[in-house]
Amino acid sequence: MNHLTEEQLIEHYYGESQQPTRIDGHLRECSQCADIYAALRNDLAAIEPITPPARDAQYGEHVWQSIRNFVPVYEQKHQSLWTRLTNLKALAFVTGCALLVAVAFFAGRQWENHQHPAQIQTAANNAPRQPIVLVVLGDHLDRSERLLVELKHADSAEAAAPVKAEAQDLLSANRLYRASAAKSGDPALTAALDRLERVLVEIANEPDNPSPARLAELQKEMNTDGLLFEVRVLRSRVQGDEKEQQTGAVRTKGVSI
Ligand SMILES: [Zn+2]
């Protein structure tokens with residue numbers, strides 16, 4: 001059997017024990033713990049509770065008398081005329097600075113307003129139209145690339161049929177882009193679109209359901225692998241231009257607002 005600790009006995013004495021019945025039972029059966037508890041009770045009983053002294057009417061006066069020598073004396077500051085003038089000068093300086101900042105700010109805004117209409121117009125002339133062209137051209141190159149890949153893997157008449165239809169579909173758009181590229185002075189794009197057009201014309205003019213052997217021959221003749229590579233390079237270039245145009249447009253917008 002475990003004996004009771006002093007802490008448990010103290011708690012029991014003040015009636016704060018969690019298990020008073022068990023402790024009472026132990027004290028009845030164990031003379032050792034009962035002796036310790038009896039001694040503890042005597043000691044604790046000797047301690048009288050501390051009670052605060054009653055306050056009389058003079059309490060406030062007593063407190064003041066006991067602390068008055070430690071409190072620093074309050075002296076009203078007498079400002080000289082010079083100090084007051086210096087303060088006024090500082091105030092005037094701060095106000096002047098604030099005024100200058102405000103004037104500079106409004107002047108800057110006015111200047112910006114004068115400058116920006118021209119910039120916005122330039123942006124309106126160039127930026128918004130260009131990305132649309134690039135997006136559409138990127139889409140066209142994407143479709144052409146897929147067509148060339150399909151052509152490469154067309155190993156039956158069934159697989160070849162949609163390639164022909166797609167080539168017919170792409171042909172008219174390709175003519176427009178080639179003409180536009182030639183007009184805007186982009187020789188690399190013009191040359192690639194020209195070669196692409198010749199391949200598209202060939203495929204579009206094949207008889208219905210061309211044989212895979214014929215398609216393989218066509219690929220060899222037209223070097224479509226080389227063209228596929230060229231189209232891929234162009235597409236990534238066009239997409240790069242497109243991104244640049246978009247960020248350019250956003251930047252212009254950011255400045256003008
Ligand atoms: Zn005990």
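Is Glu221 buried or exposed? Glu221 counts as exposed, because its relative accessibility is 52%, where exposed means over 50% relative accessible area, buried under 20% and partly exposed in between (1.4 Å probe, protein chains only).

## Basis of the model

This is a predicted model, in which local features need pLDDT of at least 70 and side-chain atom pairs count only at pLDDT 80 or more, while totals for chains, interfaces and linings use all residues. Residues are numbered from 1 along each chain as its sequence is written, and side-chain values use heavy atoms, with hydrogens and water left out.

## The zinc site

The zinc ion has as its protein donors His3 (ND1), His26 (NE2), Cys30 (SG) and Cys33 (SG), at 2.1 to 2.2 Å; donors are N, O and S atoms within 2.8 Å of the metal (3.2 Å for Na, K and Ca), and since water is not among the atoms, sites may look incomplete. Along the chain these donors follow the spacing H-x22-H-x3-C-x2-C.

The arrangement is tetrahedral because the 4 donor atoms subtend angles of 93 to 124° around the zinc ion, four donors being counted as tetrahedral if all angles lie between 85 and 135 degrees.

## Salt bridges between helices

Side chains of opposite charge can pair when their charged atoms come close. The structure holds 17 salt bridges, each defined as a side-chain nitrogen of Lys or Arg within 4 Å of a carboxyl oxygen of Asp or Glu.

In one of them, Arg232 pairs with Glu145, and the closest N and O atoms are 2.9 Å apart. This pair links distant parts of the chain, since Arg232 belongs to helix α10 (residues 224-256) and Glu145 to helix α6 (residues 129-153), 87 residues apart; helices (H or I, at least four residues) are DSSP runs numbered from the N terminus. Arg232 is partly exposed at 39% relative accessible area, whereas Glu145 is buried at 10%.

Another salt bridge joins Asp194 and Arg178, with 3.9 Å between the closest N and O atoms. Asp194 lies in helix α8 (residues 187-204) and Arg178 in helix α7 (residues 157-183), so this pair ties together parts that are 16 residues apart in sequence.

The side chain of Glu221 meets that of Arg214 in a salt bridge (4.0 Å, N to O), and Arg214 counts as partly exposed at 21% relative accessibility. Salt bridges with shared partners also join Asp142, Glu145, Arg146, Arg232 and Arg235 into one network.

Definitions and conventions:
Four donors count as tetrahedral if all angles lie between 85 and 135 degrees; four count as square planar and six as octahedral if opposite donors are over 155 degrees apart and all others between 65 and 115; anything else is irregular. Helices (H or I, at least four residues) and strands (E, at least two) are DSSP runs, numbered from the N terminus.
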